[in-house]
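Biologist: I've got a model open on my screen and I'd like to learn how to read it. Could you walk me through it, one feature at a time?

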Amino acid sequence: MIGPVAIAEAARRLHLARLERRPTSMLTERWPDMTQSDAYAVQDAGLRLRTANGERICGAKLGFTSAAMRAALGVDSPNFGWLTDTMLLNNGVASMSDFIHPKAEPEIGFVLGRPLSGAGVSAQDVIAATEFLVPVIEIVDSRYEAFRFLAPDNTADNSSSGAVALGCTLTRPGSIDLRTVGVVMSVDGRIAHTAAGAAVAAHPANSVAWLVRSLARRGKGLGRGNLVIAGGLTGPTDLAAGSRLTLEIDRLGTTSLRMVE
């Protein structure tokens with residue numbers, strides 16, 4: 001474990017890397033004994049720096065929930081981070097200059113109609129608490145050199161959070177079986193990835209339930225209106241200026257992302 005001075009230093013390093021768009025070395029190179037508990041403490045300290053700058057937490061994100069993502073980035077367990085209002089994109093347009101080395105992932109978003117907390121929360125509880133489902137393209141952007149990190153590094157870095165492009169259609173869960181919804185991600189008009197909803201934790205609501213149970217162990221929960229994105233349904237797509245992405249999710253609608261300089 002690492003102490004409070006190291007936690008504050010690590011949080012400041014990641015905060016500056018994000019603000020200056022300059023990658024930094026892995027925290028685990030400086031502090032090889034860093035645990036996941038330490039990493040969440042660094043994440044919390046980083047969020048305090050962001051909220052002190054006027055950002056507002058509006059939801060949460062899951063990481064490493066699909067076998068494809070774990071294989072792509074060499075980790076073996078899920079983690080979570082937080083979304084702030086400044087991460088929500090206007091009209092699905094993002095600037096390359098706002099990121100270090102951005103990549104995109106297709107996700108399913110859950111907009112909660114009521115608070116959700118507790119150590120015994122199930123996927124069924126998540127669905128019951130969800131007011132709307134929405135297709136999401138998440139931009140992930142590690143603050144580490146060469147997009148290389150270990151699991152504690154990624155957790156400390158708020159699970160590589162970057163930005164999110166939301167679809168315009170809000171769908172009530174109803175009787176939709178999220179395991180079987182088809183997912184198609186197209187890049188510049190060509191299909192790049194396909195998947196089914198079951199790619200995330202066998203059912204995306206399982207991912208959100210895992211988050212709620214994890215938060216309960218820290219005395220936290222999710223609030224009404226929070227957006228929770230359940231994790232990447234496929235491996236990541238590299239982004240460049242001029243990239244145009246379209247995500248189609250069966251029964252949930254579409255969303256798009258356009259990258260500019």
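Biologist: Let's begin with Gly113: how exposed does it count as?

Modeller: Gly113 has 26% relative accessibility, so it counts as partly exposed. Buried means under 20% relative accessible area and exposed over 50%, with partly exposed in between (1.4 Å probe, protein chains only). One caution: this is a predicted model, where local features need pLDDT of at least 70 and side-chain atom pairs count only at pLDDT 80 or more, while totals for chains, interfaces and linings use all residues. Residues are numbered from 1 along each chain as its sequence is written, and side-chain values use heavy atoms, with hydrogens and water left out.

Biologist: Where is Gly113 found, and what is it in contact with, leaving aside neighbours within four places in sequence?

Modeller: Look in the loop between β4 (103-112) and α5 (123-129). Helices (H or I, at least four residues) and strands (E, at least two) are DSSP runs, numbered from the N terminus. Contact means heavy atoms within 4.5 Å. With neighbours within four places in sequence left aside, Gly113 touches Ala129, Thr130, Glu131 and Arg224.

Biologist: And His15, is that buried or exposed?

Modeller: His15 counts as buried, at 11% relative accessibility. You'll find His15 in helix α1 (residues 4-20). Skipping neighbours within four places in sequence, its contacts are Leu49, Arg50 and Asn53. The C-alpha atoms of His15 and Gly46 are 6.4 Å apart, although 31 residues separate the two along the chain.

Biologist: How do I read a nonpolar core?

Modeller: In soluble globular proteins, nonpolar side chains tend to be buried together. By definition, a core is a set of buried Ala, Val, Leu, Ile, Met, Phe, Trp, Tyr and Cys residues joined through side-chain atoms within 4.5 Å. Here the largest has 46 residues, and Ile108, Phe110, Leu222 and Leu257 have the most contacts inside it. Helix α7 (residues 204-216) gives the most to this core, six residues. Another core, of 20 residues, lies apart from it and includes Met26 and Phe147.

Biologist: What about the chain as a whole: how many helices and strands?

Modeller: Seven helices and twelve strands. The radius of gyration is 17 Å, close to the 18 Å from the globule rule for 261 residues, so the chain is as compact as a globular protein of that length. That radius is taken over C-alpha atoms, and the rule is 2.2 Å times the number of residues to the power 0.38. Of the 261 residues, 52% count as buried.
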